[in-house]
Amino acid sequence: MKKLAVVLFGSALMLTACGGDDADKETKTEAPKQEEATGKTVMDQKGCLACHGQNLEGGVGVALTDVGSRLSEDEIREVVVNGRGAMPKQNVEGEELDEIVNYLLEQKGE
């Protein structure tokens, strides 16, 4: 019970500290920005970067920094959908799959 009270008090304190005054709200008339999904964002959400690395440098999974120069669009799509080697098939389709494939096609290495 004591822990709950501490959490509630801390939450209320955070909300109070983060709030602005009404003058700030009136001067800001910008519409909220919607973040567009990118291939890297989708890969992060699906957990791909946990194995392939935040910069596609590899780790548990193979490095993908030059995958766009090694595999065609159809080959990348095939690997993502059906898996290869230790990589399991992924539950991704439609626009998310297209975003991932396009992002990986751009990875030509340096």
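Modeller: Glu-73 is partly exposed, with a relative accessible area of 37%; on this scale buried means under 20% relative accessible area, exposed over 50%, and partly exposed in between, computed with a 1.4 Å probe on protein chains only. The model is predicted, and local features therefore need pLDDT of at least 70, while side-chain atom pairs count only at pLDDT 80 or more and totals for chains, interfaces and linings use all residues. Residues are numbered from 1 along each chain as its sequence is written, and side-chain values use heavy atoms, with hydrogens and water left out.

The side chain of Glu-73 meets that of Arg-77 in a salt bridge at 3.4 Å, N to O, the term standing for a side-chain nitrogen of Lys or Arg within 4 Å of a carboxyl oxygen of Asp or Glu. Both residues belong to helix 6 (residues 73–82), where they sit four residues apart, about one turn of the helix; helices here are DSSP runs (H or I, at least four residues), numbered from the N terminus. Arg-77, partly exposed at 23%, also forms a salt bridge with Asp-98, at 3.1 Å, N to O. Since Arg-77 lies in helix 6 and Asp-98 in helix 7, this second pair ties together parts that are 21 residues apart in sequence. Asp-98 is itself partly exposed, with a relative accessible area of 35%, and the shared partners join Glu-73, Arg-77 and Asp-98 into one network. A search of the whole structure finds four salt bridges, another of them being the one between Asp-66 and Arg-70, at 2.9 Å, N to O. There, too, Asp-66 is partly exposed at 28% and Arg-70 is partly exposed at 43%.

Gly-39, Lys-40, Val-42, Met-43 and Lys-46 of helix 3 meet Glu-96, Glu-99, Ile-100, Tyr-103 and Leu-104 of helix 7, contact meaning heavy atoms within 4.5 Å. These residues divide into five nonpolar, one polar and four charged, where Ala, Val, Leu, Ile, Met, Phe, Trp, Tyr, Cys and Pro count as nonpolar, Asp, Glu, Lys and Arg as charged, and the others, Gly among them, as polar. Leaving out residues up to four places away in sequence, Ile-100 touches Gly-39, Val-42, Met-43, Val-80 and Val-92.

Ile-100 leads on to the largest nonpolar core, which has 16 residues, with Met-43, Leu-56, Ile-76, Val-80, Ile-100 and Leu-104 touching the most other members; a core of this kind is a set of buried Ala, Val, Leu, Ile, Met, Phe, Trp, Tyr and Cys residues joined through side-chain atoms within 4.5 Å. Helix 3, helix 4, helix 6 and helix 7 each supply at least two of its residues, and helix 7 gives the most, with five. Leu-56 lies in the loop between helix 4 and helix 5 (67–70) and is buried, at 1% relative accessible area. Its phi is near 60 degrees, a positive value in a residue other than glycine.
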